[in-house]
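Q: I'd like to learn how to read a structure like this one. Please walk me through it, one feature at a time.

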Amino acid sequence: MGHDELKRKISDAIIYTISRALSFNEEQTDEPSANKSLPNCVGTRISELDNPVILKIFSYLSRADLLKAAEVCKRWHELSFDRSLWRNVDLKGYCKTLMQGERITEVTEKYLVSNVVALDLSGFMLTDSILGTLANNCPELRKLVVKSVNFQTQGKEKEVLFPKHLKFLDMRYSHGSLQIYKAITRCLQDIKWLGICDGFILALKCDGSNLSDVLRDLRSIEKLDMSHCKLATDAVLAALSTSERLRVLNLRKCQNIQGEALEVLIPNLQSLETLILDGTSIDDACIAKVPWEQAGLRYLELGWCHFISSDGLSTLFPKVAQMVNLEYLGLCRVGDGRSLTDKNLIQLANHLNYGICTNLNAINFSMCDSITDFGLRAFVRKYPKLSAVDATNCAGVRVFSSEFDSSMPYGRKASLSDTRMDENNDAYTPRRRTGSRGSFSATQFALSKYALETPL
């Protein structure tokens with residue numbers, strides 16, 4: 001960004017700040033404090049503004065623009081690094097720059113202190129020294145994102161420190177020193193959102209500890225993301241049966257999860273709203289044992305579960321129809337794309353019509369090669385209450401266009417196979433159908449407040 005554009009953005013910020021202040025002042029004219037008029041800023045140069053005003057203006061700038069402003073003059077340099085502007089810091093885009101000459105150490109020691117509340121250091125190589133600086137100098141830190149981080153220790157005998165009192169910790173896909181992971185386990189007492197990785201599980205095993213014991217002690221946990229953890233097992237899941245506040249459980253691509261613990265978890269976790277099981281090893285036997293009708297789930301994802309057959313889906317659908325809170329059901333490429341058939345679709349529609357699942361408004365059938373236009377037409381005709389259906393990349397589906405949309409009452413939006421997500425207003429806008437492999441479940445969860453961000 002050039003200096004001219006920077007000046008324009010700062011000017012816009014000034015106008016916005018002053019207009020808001022004037023608007024607030026006009027609304028309070030009847031109060032005694034209204035006679036405290038604002039300073040006359042008309043004709044005032046930026047250099048003449050007080051520091052609090054400039055800090056307010058700088059608060060509207062991005063990190064990149066803030067660093068540009070720091071190059072203007074000595075005063076702006078000092079104000080650009082004022083601690084009040086560095087409460088929510090995202091440095092993942094500066095990974096390569098700050099890792100040169102270990103500038104990240106300088107940044108953490110000088111600027112990431114006291115007031116920082118949220119910090120994203122994804123992609124960095126973090127040493128025990130940097131983590132110790134954060135632990136000692138950032139008492140207000142509550143959210144820490146260290147995805148794909150390489151943890152390294154510089155001294156073998158020195159005790160590793162890690163920030164305490166975190167509410168949100170995401171360390172998915174990270175790797176490195178087991179000593180640091182052990183330090184992390186001692187700082188999870190206040191955690192509400194947690195994303196873990198295989199390195200964390202391995203560190204517990206090497207230390208003689210058990211992930212089950214750690215999870216059992218997380219009394220405040222609300223969201224747990226274990227996606228892509230190959231070391232996660234059903235024995236670990238069983239420890240979550242006492243997590244009464246757990247609302248989101250993401251087990252995406254946990255291939256050693258066979259679902260044995262779900263029979264206990266589902267009836268016990270009444271606060272659970274989102275359960276993501278795509279890519280796990282659950283099978284028909286697991287589907288049959290789980291009391292799905294007792295679940296309070298709003299989102300259930302079973303896509304890419306290779307061992308669920310057509311018979312397993314026939315067992316599942318009557319229970320789905322009794323899930324009163326269910327809003328979304330994901331069946332993308334279930335059974336390697338062969339399990340979901342036209343017969344299953346008609347069965348599902350019949351069960352939904354006679355069940356109590358009245359909130360279901362979106363289903364993902366994408367990449368299911370055994371369904372056809374005939375089955376989809378029959379499903380839509382029998383159960384026309386859905387607002388979104390994803391049938392992209394279904395080999396047997398040839399026509400899925402306005403013919404379907406016109407058959408849907410209740411003001412149905414265009415199907416997701418014929419739409420795109422508008423980045424500006426999150427609205428669905430029509431487009432010509434393409435061979436997109438995008439999944440409704442991935443889009444929905446990425447934009448949802450119910451789950452941690454997960455890779456698409």
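A: Let's begin with rings: Phe 365, Phe 379 and Tyr 383 are joined into a cluster by ring pairs. Rings of Phe, Tyr and Trp (its six-membered ring) pair when their centres lie within 6.5 Å; planes under 30 degrees apart are stacked, over 60 edge-to-face, and the rest tilted. Keep in mind that this is a predicted model, where local features need pLDDT of at least 70 and side-chain atom pairs pLDDT 80 or more, while totals for chains, interfaces and linings use all residues. Residues count from 1 along each chain as its sequence is written, and side-chain values use heavy atoms, with hydrogens and water left out.

Q: How many aromatic pairs does a search of the whole structure find?

A: Six. Take Phe 58 and Trp 76: their centres are 5.3 Å apart with 85° between the planes, an edge-to-face pair. Phe 58 belongs to helix H2 (residues 51–58) and Trp 76 to helix H4 (residues 74–80), so this pair links distant parts of the chain, 18 residues apart. Helices (H or I, at least four residues) and strands (E, at least two) are DSSP runs numbered from the N terminus.

Q: Are Phe 58 and Trp 76 buried or exposed?

A: Both are buried. That word means under 20% relative accessible area; exposed is over 50%, and partly exposed is in between (1.4 Å probe, protein chains only).

Q: What kind of pair do Phe 168 and Trp 193 make?

A: A tilted one, because the planes meet at 55°, with the centres 5.0 Å apart. Here the partners come from strand E6 (residues 168–170) and strand E8 (residues 193–195), 25 residues apart. Phe 168 has 11% relative accessibility, so it counts as buried; Trp 193, at 28%, is partly exposed. The test for a charge over a ring is NZ of Lys or CZ of Arg within 6 Å of the centre and within 35 degrees of the ring normal. Lys 253 does likewise with Trp 304, its charged end 5.1 Å from the ring centre.

Q: How many strands form the open sheet?

A: 12, in the order E1-E2-E4-E6-E8-E9-E10-E11-E12-E13-E14-E15, with parallel pairing. Strands of a sheet pair through backbone hydrogen bonds, either parallel or antiparallel. Strands E1 (88–90) and E15 (388–390) each have a single partner strand, so one side of each lacks a neighbour in the sheet. For a close-up, E10 (residues 248–250) and E11 (residues 274–276) pair over three bridges; two strands pair if DSSP finds at least two. Val 248 has Thr 274 in E11 as its bridge partner.

Q: Where does Arg 333 lie?

A: In the loop between strand E13 (328–330) and helix H15 (342–354). Most residues other than glycine have a negative phi. Arg 333 has a positive one, near 50°. Asp 336 is found in that loop between E13 and H15 as well, with phi near 60°.

Q: What does the chain's pLDDT average?

A: It averages 79, and 75% of the residues score at least 70; pLDDT is the predictor's confidence in each residue, from 0 to 100. Residues 401–456 stay under 50, and so do residues 21–39.

Note on methods: Contact means heavy atoms within 4.5 Å.
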